[in-house]
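User: Could you take a close look at one part of this structure for me? I'd like the sheet, the helices lying on it and the charged pairs, tied together in one go.

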Amino acid sequence: MTLTERLRERISRAFYSHGLLCASYPIPIILFTALCILACCSPLLKLPLPGTGPVEFSTPLKDYAPPGEQGAQPGEPGERPDWYVGAPVAYIQQIFVKATVSPWQKQLLAVDAFRSPLGRVFPLVEEIRNHALRDSSGVRSLEEVCLQVTDLLPGLRKLRNLLPEHGCLLLSPGNFWQNDRERFNADPDIIKTIHQHEPKTLQTSATLKDLLFGLPGRYSGVSLSNRRRVVSYTVTLGLQRYDSRFLSSLRSRLKLLHPSPNCSLREESVVHVHFKEEIGIAELIPLVTTYIILFAYIYFSTRKIDMVKSKWGLALAAVVTVLSSLLMSVGLCTLFGLTPTLNGGEIFPYLVVVIGLENVLVLTKSVVSTPVDLEVKLRIAQGLSNESWSIMKNMATELGIILIGYFTLVPAIQEFCLFAVVGLVSDFFLQMFFFTTVLSIDIRRMEVGE
(Lines give C-alpha, C1' and ligand atoms only; values in the text may rest on other atoms or scores of the structure.)
Protein backbone atom coordinates (compact mmCIF):
# COMPACT_ATOMS: atom_id res chain seq x y z
CA MET A 1 0.00 0.00 0.00
CA THR A 2 1.21 3.48 -0.80
CA LEU A 3 1.58 6.18 1.85
CA THR A 4 -1.61 7.91 0.63
CA GLU A 5 -3.59 4.67 0.82
CA ARG A 6 -2.36 3.93 4.34
CA LEU A 7 -3.22 7.46 5.45
CA ARG A 8 -6.64 7.19 3.86
CA GLU A 9 -7.31 3.89 5.62
CA ARG A 10 -6.30 5.27 9.02
CA ILE A 11 -8.51 8.34 8.59
CA SER A 12 -11.40 6.11 7.54
CA ARG A 13 -10.96 3.91 10.63
CA ALA A 14 -10.76 6.94 12.91
CA PHE A 15 -14.00 8.39 11.51
CA TYR A 16 -15.69 4.97 11.78
CA SER A 17 -14.75 4.69 15.46
CA HIS A 18 -15.87 8.27 16.07
CA GLY A 19 -19.24 7.56 14.45
CA LEU A 20 -19.76 4.55 16.72
CA LEU A 21 -18.90 6.69 19.76
CA CYS A 22 -21.32 9.52 18.89
CA ALA A 23 -24.19 7.15 18.05
CA SER A 24 -23.65 4.99 21.16
CA TYR A 25 -23.51 7.81 23.73
CA PRO A 26 -25.55 10.73 22.28
CA ILE A 27 -26.57 12.44 25.53
CA PRO A 28 -23.06 12.57 27.13
CA ILE A 29 -21.58 13.75 23.82
CA ILE A 30 -24.12 16.61 23.52
CA LEU A 31 -23.56 17.64 27.16
CA PHE A 32 -19.77 17.60 26.60
CA THR A 33 -20.16 19.74 23.47
CA ALA A 34 -22.42 22.21 25.29
CA LEU A 35 -19.83 22.60 28.07
CA CYS A 36 -17.10 23.21 25.48
CA ILE A 37 -19.22 25.89 23.77
CA LEU A 38 -19.92 27.65 27.07
CA ALA A 39 -16.26 27.50 28.11
CA CYS A 40 -15.05 28.92 24.78
CA CYS A 41 -17.71 31.65 24.73
CA SER A 42 -17.17 32.78 28.35
CA PRO A 43 -14.56 35.45 27.39
CA LEU A 44 -17.29 37.19 25.36
CA LEU A 45 -18.90 38.32 28.62
CA LYS A 46 -15.96 40.70 29.13
CA LEU A 47 -16.21 42.25 25.67
CA PRO A 48 -18.36 45.32 24.97
CA LEU A 49 -21.46 44.76 22.91
CA PRO A 50 -21.04 45.45 19.17
CA GLY A 51 -21.36 49.17 18.61
CA THR A 52 -20.62 50.18 22.22
CA GLY A 53 -16.82 50.31 21.90
CA PRO A 54 -14.96 53.64 21.85
CA VAL A 55 -14.90 55.64 18.63
CA GLU A 56 -12.31 58.26 17.72
CA PHE A 57 -12.24 61.56 15.89
CA SER A 58 -9.13 63.69 15.33
CA THR A 59 -8.87 67.46 14.98
CA PRO A 60 -5.80 69.66 14.35
CA LEU A 61 -4.00 70.69 17.51
CA LYS A 62 -3.19 74.14 16.16
CA ASP A 63 -5.70 76.75 17.38
CA TYR A 64 -7.72 74.03 19.10
CA ALA A 65 -10.81 75.05 21.07
CA PRO A 66 -13.54 72.82 22.57
CA PRO A 67 -16.62 72.41 20.34
CA GLY A 68 -19.14 75.15 20.89
CA GLU A 69 -16.61 77.81 21.85
CA GLN A 70 -15.79 80.73 19.62
CA GLY A 71 -13.05 79.91 17.12
CA ALA A 72 -13.57 76.15 17.33
CA GLN A 73 -13.39 74.95 13.72
CA PRO A 74 -12.47 71.25 13.80
CA GLY A 75 -13.22 70.66 10.14
CA GLU A 76 -16.09 70.53 7.72
CA PRO A 77 -19.49 70.13 9.40
CA GLY A 78 -20.16 66.97 7.40
CA GLU A 79 -16.99 65.34 8.76
CA ARG A 80 -17.81 65.91 12.45
CA PRO A 81 -19.59 63.04 14.23
CA ASP A 82 -22.87 63.72 16.01
CA TRP A 83 -21.35 63.14 19.46
CA TYR A 84 -18.70 65.86 19.00
CA VAL A 85 -20.55 68.56 20.96
CA GLY A 86 -19.88 70.35 24.22
CA ALA A 87 -16.80 70.30 26.41
CA PRO A 88 -15.09 66.94 27.04
CA VAL A 89 -15.11 65.27 30.44
CA ALA A 90 -11.30 65.49 30.65
CA TYR A 91 -8.14 65.84 28.61
CA ILE A 92 -5.47 63.14 28.74
CA GLN A 93 -1.83 64.03 28.16
CA GLN A 94 0.85 61.33 28.23
CA ILE A 95 4.61 61.79 28.52
CA PHE A 96 6.15 58.74 26.84
CA VAL A 97 9.45 57.39 28.19
CA LYS A 98 11.60 54.82 26.40
CA ALA A 99 14.86 53.92 28.12
CA THR A 100 17.57 51.27 28.14
CA VAL A 101 20.76 50.53 30.07
CA SER A 102 23.75 51.22 27.83
CA PRO A 103 26.42 49.98 27.66
CA TRP A 104 25.29 46.65 29.04
CA GLN A 105 27.91 45.01 31.25
CA LYS A 106 28.20 41.23 31.51
CA GLN A 107 28.07 41.27 35.31
CA LEU A 108 24.65 42.97 35.34
CA LEU A 109 21.57 40.94 36.24
CA ALA A 110 18.44 40.69 34.12
CA VAL A 111 16.51 42.84 36.64
CA ASP A 112 19.02 45.66 36.15
CA ALA A 113 17.62 46.15 32.63
CA PHE A 114 14.53 47.86 34.02
CA ARG A 115 15.46 48.91 37.57
CA SER A 116 17.40 51.99 36.40
CA PRO A 117 14.89 53.05 33.66
CA LEU A 118 12.00 52.74 36.14
CA GLY A 119 13.97 54.72 38.72
CA ARG A 120 13.87 57.71 36.35
CA VAL A 121 10.11 58.03 36.79
CA PHE A 122 10.38 59.53 40.30
CA PRO A 123 12.31 62.73 39.43
CA LEU A 124 10.19 63.00 36.28
CA VAL A 125 6.94 62.94 38.25
CA GLU A 126 8.38 65.41 40.76
CA GLU A 127 9.36 67.78 37.95
CA ILE A 128 5.88 67.59 36.43
CA ARG A 129 4.16 68.22 39.77
CA ASN A 130 6.35 71.22 40.57
CA HIS A 131 6.25 72.80 37.13
CA ALA A 132 4.67 76.25 36.99
CA LEU A 133 4.06 78.68 34.13
CA ARG A 134 4.83 82.33 34.85
CA ASP A 135 3.45 84.88 32.42
CA SER A 136 1.66 88.21 32.42
CA SER A 137 -1.52 86.63 33.80
CA GLY A 138 0.26 85.24 36.85
CA VAL A 139 1.57 81.85 37.92
CA ARG A 140 -0.18 78.63 36.92
CA SER A 141 0.72 75.27 38.42
CA LEU A 142 -0.40 71.76 37.61
CA GLU A 143 -2.90 71.84 40.49
CA GLU A 144 -4.87 74.56 38.68
CA VAL A 145 -5.27 72.77 35.35
CA CYS A 146 -5.31 69.09 36.35
CA LEU A 147 -8.41 66.99 36.91
CA GLN A 148 -9.02 66.64 40.65
CA VAL A 149 -10.21 63.24 41.83
CA THR A 150 -12.02 62.55 45.11
CA ASP A 151 -13.15 59.18 46.41
CA LEU A 152 -12.34 56.02 44.50
CA LEU A 153 -15.10 53.87 43.08
CA PRO A 154 -16.16 50.99 45.37
CA GLY A 155 -14.50 48.39 43.14
CA LEU A 156 -11.16 50.24 43.27
CA ARG A 157 -10.94 50.94 47.00
CA LYS A 158 -8.76 47.87 47.54
CA LEU A 159 -6.15 49.69 45.40
CA ARG A 160 -6.27 52.82 47.56
CA ASN A 161 -2.49 52.84 48.03
CA LEU A 162 -1.80 52.61 44.30
CA LEU A 163 -4.29 55.02 42.70
CA PRO A 164 -4.47 58.79 43.27
CA GLU A 165 -7.15 60.00 45.65
CA HIS A 166 -8.03 63.56 46.73
CA GLY A 167 -5.64 65.22 44.31
CA CYS A 168 -4.48 65.45 40.70
CA LEU A 169 -5.16 62.52 38.40
CA LEU A 170 -1.56 61.53 37.68
CA LEU A 171 -0.61 57.95 36.90
CA SER A 172 2.83 56.41 36.44
CA PRO A 173 4.73 53.22 37.34
CA GLY A 174 5.89 55.13 40.44
CA ASN A 175 2.40 54.55 41.90
CA PHE A 176 3.44 50.96 42.65
CA TRP A 177 5.74 52.42 45.33
CA GLN A 178 3.50 55.38 46.33
CA ASN A 179 5.86 57.65 44.30
CA ASP A 180 8.54 57.12 46.97
CA ARG A 181 12.06 56.63 45.59
CA GLU A 182 13.32 55.17 48.88
CA ARG A 183 10.56 52.56 48.90
CA PHE A 184 11.50 51.66 45.30
CA ASN A 185 15.20 51.32 46.15
CA ALA A 186 14.39 49.10 49.13
CA ASP A 187 12.12 46.79 47.11
CA PRO A 188 13.98 43.47 46.71
CA ASP A 189 11.65 42.19 43.94
CA ILE A 190 10.14 44.92 41.80
CA ILE A 191 8.80 42.36 39.29
CA LYS A 192 6.67 40.80 42.04
CA THR A 193 5.46 44.24 43.14
CA ILE A 194 4.37 45.15 39.61
CA HIS A 195 2.59 41.85 38.97
CA GLN A 196 1.06 41.24 42.41
CA HIS A 197 -2.33 42.60 41.30
CA GLU A 198 -2.34 40.92 37.88
CA PRO A 199 -5.17 38.40 37.39
CA LYS A 200 -4.18 34.75 37.61
CA THR A 201 -6.19 33.90 34.51
CA LEU A 202 -6.03 35.31 31.00
CA GLN A 203 -7.54 38.78 30.93
CA THR A 204 -9.21 40.57 28.02
CA SER A 205 -9.49 44.03 29.55
CA ALA A 206 -6.80 46.43 30.81
CA THR A 207 -5.09 45.50 34.07
CA LEU A 208 -3.58 47.69 36.80
CA LYS A 209 -0.15 47.34 35.18
CA ASP A 210 -1.55 48.54 31.84
CA LEU A 211 -3.19 51.50 33.59
CA LEU A 212 -0.12 52.69 35.50
CA PHE A 213 2.33 52.05 32.68
CA GLY A 214 -0.02 53.82 30.23
CA LEU A 215 0.36 51.14 27.54
CA PRO A 216 -0.34 47.41 27.13
CA GLY A 217 1.83 45.39 29.47
CA ARG A 218 3.43 43.34 26.71
CA TYR A 219 4.98 46.54 25.29
CA SER A 220 6.45 47.74 28.59
CA GLY A 221 9.48 45.45 28.48
CA VAL A 222 9.28 44.80 32.24
CA SER A 223 9.86 41.07 32.06
CA LEU A 224 12.78 38.78 32.82
CA SER A 225 12.46 37.40 29.28
CA ASN A 226 13.05 40.84 27.72
CA ARG A 227 16.11 40.30 25.52
CA ARG A 228 16.07 43.78 23.98
CA ARG A 229 16.40 45.39 27.44
CA VAL A 230 14.24 48.34 26.38
CA VAL A 231 11.68 49.63 28.90
CA SER A 232 8.71 51.80 27.89
CA TYR A 233 6.14 53.57 30.05
CA THR A 234 4.22 56.84 30.25
CA VAL A 235 3.32 59.44 32.83
CA THR A 236 -0.40 60.06 32.32
CA LEU A 237 -1.99 63.38 33.26
CA GLY A 238 -5.71 64.04 33.52
CA LEU A 239 -6.47 67.71 32.79
CA GLN A 240 -9.67 69.55 33.60
CA ARG A 241 -9.16 72.05 30.80
CA TYR A 242 -6.84 72.37 27.83
CA ASP A 243 -4.17 74.98 28.49
CA SER A 244 -1.92 75.08 25.45
CA ARG A 245 0.55 77.54 27.00
CA PHE A 246 1.01 75.46 30.14
CA LEU A 247 1.52 72.24 28.17
CA SER A 248 3.91 73.95 25.77
CA SER A 249 5.91 75.24 28.73
CA LEU A 250 5.98 71.77 30.32
CA ARG A 251 7.02 70.21 27.02
CA SER A 252 9.90 72.65 26.60
CA ARG A 253 11.03 72.12 30.19
CA LEU A 254 11.09 68.32 29.85
CA LYS A 255 12.93 68.54 26.55
CA LEU A 256 15.54 70.75 28.19
CA LEU A 257 16.01 68.36 31.12
CA HIS A 258 15.94 65.18 29.05
CA PRO A 259 17.43 65.94 25.63
CA SER A 260 17.34 63.04 23.19
CA PRO A 261 17.95 62.81 19.44
CA ASN A 262 15.08 60.32 19.23
CA CYS A 263 12.61 62.57 21.05
CA SER A 264 9.58 63.48 18.92
CA LEU A 265 7.72 66.62 19.92
CA ARG A 266 5.58 67.18 16.86
CA GLU A 267 2.23 68.73 17.58
CA GLU A 268 -0.25 67.27 15.14
CA SER A 269 -3.75 66.53 16.38
CA VAL A 270 -6.07 65.98 19.30
CA VAL A 271 -7.77 62.58 19.38
CA HIS A 272 -11.30 62.72 20.78
CA VAL A 273 -12.55 59.41 22.25
CA HIS A 274 -16.26 58.80 22.74
CA PHE A 275 -17.86 55.84 24.51
CA LYS A 276 -21.33 55.03 23.25
CA GLU A 277 -23.92 54.35 25.91
CA GLU A 278 -26.27 52.15 23.92
CA ILE A 279 -26.78 50.64 20.49
CA GLY A 280 -29.04 52.55 18.17
CA ILE A 281 -31.81 50.78 16.27
CA ALA A 282 -30.49 52.19 13.02
CA GLU A 283 -27.13 50.46 13.61
CA LEU A 284 -28.72 47.12 14.49
CA ILE A 285 -31.02 46.81 11.46
CA PRO A 286 -28.31 46.12 8.79
CA LEU A 287 -26.43 43.72 11.08
CA VAL A 288 -29.53 41.75 12.11
CA THR A 289 -30.78 41.66 8.50
CA THR A 290 -27.47 40.21 7.31
CA TYR A 291 -27.55 37.46 9.91
CA ILE A 292 -31.19 36.63 9.20
CA ILE A 293 -30.41 36.19 5.50
CA LEU A 294 -27.32 34.06 6.24
CA PHE A 295 -29.05 31.74 8.66
CA ALA A 296 -32.14 31.53 6.45
CA TYR A 297 -29.82 30.31 3.69
CA ILE A 298 -28.38 27.68 6.06
CA TYR A 299 -31.86 26.63 7.17
CA PHE A 300 -33.36 26.20 3.70
CA SER A 301 -30.24 24.51 2.34
CA THR A 302 -30.44 21.89 5.09
CA ARG A 303 -34.18 21.38 4.66
CA LYS A 304 -33.59 19.95 1.17
CA ILE A 305 -32.25 16.75 2.74
CA ASP A 306 -34.60 13.77 2.49
CA MET A 307 -34.83 10.47 4.40
CA VAL A 308 -34.67 12.11 7.82
CA LYS A 309 -37.26 12.27 10.58
CA SER A 310 -37.19 16.02 11.26
CA LYS A 311 -35.94 18.39 8.57
CA TRP A 312 -36.71 21.30 10.86
CA GLY A 313 -34.61 19.82 13.67
CA LEU A 314 -31.59 19.17 11.43
CA ALA A 315 -31.84 22.64 9.91
CA LEU A 316 -31.88 24.15 13.40
CA ALA A 317 -28.89 21.99 14.39
CA ALA A 318 -26.97 23.28 11.34
CA VAL A 319 -27.75 26.90 12.29
CA VAL A 320 -26.64 26.25 15.90
CA THR A 321 -23.43 24.64 14.61
CA VAL A 322 -22.44 27.63 12.48
CA LEU A 323 -23.51 30.24 15.04
CA SER A 324 -21.73 28.45 17.89
CA SER A 325 -18.55 28.09 15.83
CA LEU A 326 -18.57 31.85 15.17
CA LEU A 327 -18.99 32.67 18.86
CA MET A 328 -16.36 30.11 19.85
CA SER A 329 -13.86 31.56 17.36
CA VAL A 330 -14.27 35.09 18.79
CA GLY A 331 -14.17 33.77 22.37
CA LEU A 332 -11.01 31.72 21.82
CA CYS A 333 -9.23 34.53 19.99
CA THR A 334 -10.17 36.95 22.76
CA LEU A 335 -8.97 34.48 25.39
CA PHE A 336 -5.50 34.42 23.86
CA GLY A 337 -5.22 38.18 23.41
CA LEU A 338 -6.40 38.46 19.78
CA THR A 339 -9.10 40.99 20.60
CA PRO A 340 -10.92 41.84 17.35
CA THR A 341 -10.33 45.29 15.94
CA LEU A 342 -12.52 44.68 12.91
CA ASN A 343 -16.24 45.23 13.18
CA GLY A 344 -18.03 41.96 13.89
CA GLY A 345 -20.72 42.92 11.42
CA GLU A 346 -18.04 43.05 8.73
CA ILE A 347 -16.15 39.82 9.40
CA PHE A 348 -18.87 37.40 10.57
CA PRO A 349 -20.69 37.04 7.22
CA TYR A 350 -17.37 36.23 5.53
CA LEU A 351 -16.56 33.71 8.25
CA VAL A 352 -19.87 31.99 7.55
CA VAL A 353 -18.84 31.72 3.90
CA VAL A 354 -15.45 30.26 4.89
CA ILE A 355 -17.00 27.78 7.32
CA GLY A 356 -19.73 26.80 4.89
CA LEU A 357 -22.26 23.99 4.99
CA GLU A 358 -20.58 21.46 2.77
CA ASN A 359 -19.66 19.00 5.52
CA VAL A 360 -23.16 19.13 7.05
CA LEU A 361 -24.84 18.31 3.74
CA VAL A 362 -22.26 15.69 2.74
CA LEU A 363 -22.41 13.89 6.09
CA THR A 364 -26.18 13.79 6.13
CA LYS A 365 -26.49 12.49 2.56
CA SER A 366 -23.79 9.90 3.21
CA VAL A 367 -25.53 8.57 6.34
CA VAL A 368 -29.04 8.43 4.84
CA SER A 369 -27.70 6.58 1.77
CA THR A 370 -26.40 3.67 3.88
CA PRO A 371 -28.48 0.44 3.97
CA VAL A 372 -31.54 0.92 6.18
CA ASP A 373 -31.35 -2.63 7.54
CA LEU A 374 -28.13 -1.79 9.43
CA GLU A 375 -28.10 -0.73 13.07
CA VAL A 376 -28.21 3.06 13.60
CA LYS A 377 -24.71 3.33 15.05
CA LEU A 378 -23.30 1.29 12.15
CA ARG A 379 -25.05 3.56 9.64
CA ILE A 380 -23.55 6.66 11.30
CA ALA A 381 -20.09 5.08 11.47
CA GLN A 382 -20.19 3.90 7.85
CA GLY A 383 -21.50 7.25 6.61
CA LEU A 384 -18.68 9.13 8.33
CA SER A 385 -16.10 6.64 7.13
CA ASN A 386 -17.22 6.95 3.50
CA GLU A 387 -16.71 10.73 3.45
CA SER A 388 -13.71 10.93 5.81
CA TRP A 389 -11.06 11.34 3.09
CA SER A 390 -12.89 14.09 1.19
CA ILE A 391 -13.68 15.97 4.42
CA MET A 392 -10.05 15.95 5.60
CA LYS A 393 -8.76 16.79 2.13
CA ASN A 394 -11.10 19.80 1.85
CA MET A 395 -10.17 20.87 5.39
CA ALA A 396 -6.45 20.79 4.55
CA THR A 397 -7.08 22.75 1.33
CA GLU A 398 -9.03 25.48 3.13
CA LEU A 399 -6.37 25.79 5.84
CA GLY A 400 -3.69 26.05 3.15
CA ILE A 401 -5.53 28.85 1.37
CA ILE A 402 -6.03 30.73 4.64
CA LEU A 403 -2.34 30.26 5.45
CA ILE A 404 -1.38 31.80 2.11
CA GLY A 405 -3.65 34.76 2.89
CA TYR A 406 -1.97 35.20 6.28
CA PHE A 407 1.44 35.61 4.64
CA THR A 408 0.23 38.59 2.62
CA LEU A 409 1.35 40.58 5.73
CA VAL A 410 -1.67 42.91 5.43
CA PRO A 411 -2.86 43.42 9.05
CA ALA A 412 -6.60 43.33 8.26
CA ILE A 413 -6.21 40.17 6.14
CA GLN A 414 -4.01 38.54 8.78
CA GLU A 415 -6.59 39.22 11.47
CA PHE A 416 -9.35 37.76 9.32
CA CYS A 417 -7.21 34.68 8.55
CA LEU A 418 -6.58 34.05 12.25
CA PHE A 419 -10.29 34.22 12.99
CA ALA A 420 -11.03 32.05 9.95
CA VAL A 421 -8.62 29.30 11.10
CA VAL A 422 -10.10 29.22 14.61
CA GLY A 423 -13.62 29.35 13.14
CA LEU A 424 -12.87 26.51 10.73
CA VAL A 425 -11.46 24.27 13.48
CA SER A 426 -14.35 25.14 15.82
CA ASP A 427 -16.88 24.35 13.11
CA PHE A 428 -15.19 21.01 12.34
CA PHE A 429 -15.29 20.13 16.05
CA LEU A 430 -19.02 20.91 16.29
CA GLN A 431 -19.81 19.06 13.06
CA MET A 432 -18.04 15.95 14.29
CA PHE A 433 -19.50 15.97 17.79
CA PHE A 434 -22.70 18.01 17.91
CA PHE A 435 -24.22 17.67 14.43
CA THR A 436 -23.21 14.01 14.00
CA THR A 437 -24.79 13.16 17.34
CA VAL A 438 -28.00 15.05 16.50
CA LEU A 439 -28.09 13.22 13.16
CA SER A 440 -27.80 9.85 14.93
CA ILE A 441 -30.71 10.78 17.22
CA ASP A 442 -32.81 11.78 14.20
CA ILE A 443 -32.06 8.51 12.35
CA ARG A 444 -32.92 6.50 15.47
CA ARG A 445 -36.24 8.37 15.84
CA MET A 446 -37.11 7.65 12.21
CA GLU A 447 -36.30 3.94 12.69
CA VAL A 448 -38.48 3.76 15.82
CA GLY A 449 -41.30 5.55 14.02
CA GLU A 450 -41.20 3.06 11.15
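Analyst: What follows goes from the sheet to the helices across it, then to the salt bridges, and ends at a helix pair. Keep in mind that this is a predicted model.

Let's start with the sheet. Three strands make up an open sheet, in the order β2-β8-β7, and the pairing is antiparallel. The edge positions go to β2 (91-100) and β7 (170-171), and because each has a single partner strand, one side of each is left without a neighbour in the sheet. As for how β7 is held, 2 bridges join it to β8, residues 230-239, with the two strands running antiparallel. As a reminder, strands of a sheet pair through backbone hydrogen bonds, either parallel or antiparallel.

Helix α3, residues 112-119, lies across β2 and β8, and runs at about 25° to β8. Helix α4, residues 121-130, lies across β2, β7 and β8, with an angle of about 20° to β8.

Side chains of opposite charge can pair when their charged atoms come close. One of the salt bridges joins the side chains of Glu 127 and Arg 253, at 3.0 Å from N to O. Glu 127 sits in α4 and Arg 253 in helix α9 (residues 244-257), so this pair ties together parts that are 126 residues apart in sequence. Arg 253 is partly exposed, at 33% relative accessibility.

Next to look at is the salt bridge between the side chains of Arg 140 and Asp 243, at 2.6 Å from N to O. Arg 140 belongs to strand β4 (residues 138-141), while Asp 243 is in the loop between β8 and α9, so the pair ties together parts that are 103 residues apart in sequence. Buried or exposed, Arg 140 and Asp 243? Both Arg 140 and Asp 243 are buried.

Then there's the salt bridge from Glu 9 to Arg 13, where the closest N and O atoms are 2.5 Å apart. Glu 9 and Arg 13 are 4 residues apart in helix α1 (residues 3-24), so about one helical turn separates them. Glu 9 counts as partly exposed at 29% relative accessibility, whereas Arg 13 is exposed, with a relative accessible area of 55%.

That brings us to α1 and its packing. Helices α1 and α14 pack at an angle of about 145°, and their axes are 7 Å apart. Their crossing is right-handed. Among the residues making the contact are Leu 7, Ile 11, Ser 12, Phe 15 and Tyr 16 of α1, and Leu 384, Ser 385, Ser 388 and Trp 389 of α14.

Leaving out residues up to four places away in sequence, Ser 388 touches Ile 11, Ser 12 and Phe 15. A polar atom of the Ser 388 side chain also lies 2.9 Å from the backbone oxygen of Ser 385.

Conventions
Residues are numbered from 1 along each chain as its sequence is written. This is a predicted model: local features need pLDDT of at least 70, side-chain atom pairs count only at pLDDT 80 or more; totals for chains, interfaces and linings use all residues. Side-chain values use heavy atoms; hydrogens and water are left out. Two strands pair if DSSP finds at least two bridges between them. Contact means heavy atoms within 4.5 Å. Axes are lines fitted to C-alpha atoms, for helices over the stretch in contact, and angles run from 0 to 180 degrees between N-to-C directions. A salt bridge is a side-chain nitrogen of Lys or Arg within 4 Å of a carboxyl oxygen of Asp or Glu. Buried means under 20% relative accessible area, exposed over 50%, partly exposed in between (1.4 Å probe, protein chains only). A polar contact is a pair of N or O atoms within 3.5 Å; within protein, one must be able to donate a hydrogen and the other to accept it, and residues adjacent in sequence count only if both atoms are side-chain atoms. A crossing is left-handed if the near helix is turned anticlockwise from the far one by less than a right angle, and right-handed if clockwise.
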